Amino acid sequence: MLFFLRNYLFVIFLFCFSSLVFSNDKITTLQNLANSLNLSQAHAWRRLLHLDESGKSYVDDKNYFLSPEGKSQPEQELLASIAELINNPELQCRYPWRSRWLSENLPGFSDVFERQDCEEYDSWRGRLNANSVTLVLAASYLNSPSSMYGHTFLRFDAKSVDDQGGALGSYAVNFAAFIEGGAGFSYAYKGLFGGYPGYFSDGPYYKKVKEYSRLDNRDVWEYRLNLSTDETDILLAHLWELNKIKFDYYFFDENCSFRLLELLEVARDGTTLTEDFDVYAIPLDTVRATERAGLIERVVYRPSNRRKLEFNIALLTKDEQKLAWRLALEKDVWDSEELQGLSEKKRYKVAEVSYQYLRYLNNRRSRNQKIANHSLFLLRKMQEYSEYAQQELPSTPARPEQGHDTRALTFTAGVEGAAGIDAAEFVDLAFRSAYHGFLDNILAYPHSTELIMGGVTLRYKKDQHLQLQNLSIVEIASLNARSRFFKPLSWRVRGDVERQWTYGDDELVAKFDGGVGWTMPVFADLLAYALAQARIEYNPGFEQELDLALGASTGLLLQHVSGSFMLEAQQYRFTDGPDRRQLQISYQLPLAKNHGLRVQYTRLLNDDDAVTESSLSYRFYY
Amino acid sequence: MKRTIIALAFTAASVSSFAEAPGGANCGWGNMLFQGQSGVLYHTLASFTNGTTGNATFGMTSGTNGCSSAGTLSYGGKGMIDLSALMDEFSEDVARGDGEVISALAISMGVEAQDRAAFKAELHENFDAIFPTADVTAEDVMASIVDVMAQDDALAKYVS
């Protein structure tokens, strides 16, 4: 018995050994061949490893690499991949794209390795049932720091979606930071500046639609890509390799949008999309890069629930709007004389607006029996009058990528005059890294919001030296108008270093200010706003250098594709420093998508010292 | 077939309860009509990172990924729209007689293009049977839809 067993083991040993020798020989041959073909320098291999410009991989997970040096040595990773995929054929199921790529690019490789059945991978592919890929952009959302610039993810559609619709049933793949338990300030910090691991995940598209269209009320743009069936196959094969693989998540550069560009580079060999995004990747700009690379086939606009509601409200007269609003709060309004006096078609529309408004109000609230009953009541009215239903949808506005580019250079010439000082001519050169201010060309940008980050202005005054005029860190504002239906608060926050005339000198001061208030529509697109403000300022010209001020601002804002206008009066009273009042009038005329001409007049009063500045600037977006 | 669907629905609901209590912030199936969204904490966290608090993987088999993989029910091998996630929109579509969600449901149930108008019309006319009270759950709604379809000559074949 023992003898038999020993013999048996010996046979096994021999068998293993011989096959090992055979493979090792073959493996060495293939590795040499890969070296002589210089395969590790191939664009596709470098994209597969997600190498940055220095040749180091963005992947921050050793599980992704088959060689211990894989993160920084693509040659070693290639050699290790050849050996490991042959010695451990089951690895094909973890690395479907790597396996396929080697089979296609390393002659003899596919003869050696045994093709495996990959049940998990195949069932995932079956579930996605992908025939085409769509890049989805959820528009900018100021109320959420991570989404201020928008968000992108991919959707995979079955063939039937093209001719029959039903994209709600498709799958979406998202790259996001992964949060583990707890809560606190560190979440905000880590989310913005890194520290969270980022992973790809998948989920049904309708959940995304619910999140964006209903809960966040963000418009969604669907960019159908023209990837071929084979390119789609490559994309998914590679995506599978990234399942549970960690990338460090950074808000500014290595974010959701950047990772998607990398995937598209893998899918279409030879495309370079990521090279312009080494500092930061604004989702909108990544859509533009995709468009420039010729990847976009067509675009579908998906208005948010709020946008649809606004559109429906606008179809009603003022009196009907009032009825719809009252009906959303009070069932009995349905039986009122005014409402029953409407045509049946209008009764339907009032019920529809009322229902949509009630749901809008309760989007983020937990269930309430009374509201639920009321909602159903309104639905029944819609159903009753549904023969008059005509589902009209808002028309497609200008696409986000049709707006001005996100960086700006500004050349300004002007004259500045202060009490007791001769008027001085000056020229400014300003750079701004992102994104959109109230006066910038409004085409394709959201109205009534401002989001500016990272700006610097240099000023040269006649007969003086060059000086730093402004260093802007962040400037965010939302001046959305209130109406019967919508009651948003207006707000602004600003943090920067700027020149302030202080007792006869233009001091460089650091300040942070913010305000809260209301905006009301005046006429057509003209808005009026008023904000209560607070300010903290470090000013070397003050006796008490760090000073606090309370104040207010009020103004008018008109944004139109043919030109934008803003007038603002502002007052601050410092605890120790001066009483500061400022009036500013500005107008920008768009010359073309990426060009604008701006005039601005500012009058500043520090107690009784007056300073005025008038300027003309040319702004170039790029 | 009706029983199968309901059984599937409950299976999905119980599978999902591994990871998250039924009716939790991300777990849809089983919700009542007009459920509302009470995931304030989730939204606050997610707002800073585009983040996710669930398992960040490609949900493979039910059970491993809790609610996010149970979001679809298997119906004839195809994924089916989880109505509870879109009940507000779905009920509105049924009241109107048309819309994206009702179309998507028809497609996910395998209703052929030529029968979709009938599908929408039948559901629309039977609004009161499908939504008898504001307390119906997604399972109730699904069961009534199957009933309504079974009564219709053109649609019965999809649920038998």
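**Close-up views of chain A**

**View 1. Lys318(A) sits in helix 14 of chain A, which covers residues 318-329.** The model shown is predicted. Lys318(A) belongs to a positive surface patch, together with Lys322(A), Arg484(A) and Lys487(A). A residue must have over 30% relative accessible area to be part of a patch.

**View 2. Asp117(A), Glu119(A), Glu120(A) and Asp122(A) form a negative surface patch.** Asp122(A) is found in helix 6 of chain A, made up of residues 119-128. With a relative accessible area of 45%, Asp122(A) counts as partly exposed.

**View 3. Helix 12 of chain A, residues 283-292, is mostly covered.** How many of the ten residues of this helix are buried? Eight are: Pro283(A), Leu284(A), Asp285(A), Thr286(A), Val287(A), Arg288(A), Ala289(A) and Thr290(A). The cover over these buried residues includes helix 11 (256-267) of chain A. Strands also take part in it, among them strand 1 (132-138), strand 2 (151-157), strand 5 (220-225), strand 7 (296-302) and strand 9 (424-436). After helix 12 comes Gly294(A), which has a positive phi, near 75°.

**View 4. Glu507(A) is a buried residue without a salt bridge.** Glu507(A) is part of strand 13 of chain A, which runs over residues 505-523. Which side chain of opposite charge is nearest to Glu507(A)? It is that of Arg499(A), 6.3 Å away. A salt bridge requires a side-chain nitrogen of Lys or Arg within 4 Å of a carboxyl oxygen. Once neighbours within four places in sequence are left aside, the contacts of Glu507(A) are Glu498(A), Arg499(A), Gln500(A), Thr502(A), Asn539(A), Pro540(A) and Gly541(A). Arg499(A) is therefore in contact with Glu507(A), heavy atoms within 4.5 Å being enough for a contact, yet Glu507(A) has no salt bridge.

**View 5. The whole of chain A, for orientation, contains 17 helices and 19 strands.** The chain has 622 residues, and 53% of them count as buried. Of the contacts between residues at least 6 apart in sequence, 63% join residues at least 24 apart. The accessible surface of chain A is about 27900 Å². Carbon and sulfur atoms account for 55% of this surface.

Technical notes:
Residues are numbered from 1 along each chain as its sequence is written. Chains are lettered from A and ligands numbered from 1 in the order in which they are written. This is a predicted model: local features need pLDDT of at least 70, side-chain atom pairs count only at pLDDT 80 or more; totals for chains, interfaces and linings use all residues. Side-chain values use heavy atoms; hydrogens and water are left out. Patches are made of residues with over 30% relative accessible area and no salt bridge: like charges are joined within 9 Å, nonpolar side chains (Val, Leu, Ile, Met, Phe, Trp, Tyr) within 5 Å. Accessible areas come from the Shrake-Rupley method with a 1.4 Å probe; for residues, only the protein chains shown count as cover. Lys and Arg count as positive and Asp and Glu as negative; His and the chain ends are not counted. The place of a charge is taken as NZ of Lys, CZ of Arg, CG of Asp or CD of Glu. Helices (H or I, at least four residues) and strands (E, at least two) are DSSP runs, numbered from the N terminus. Buried means under 20% relative accessible area, exposed over 50%, partly exposed in between (1.4 Å probe, protein chains only).
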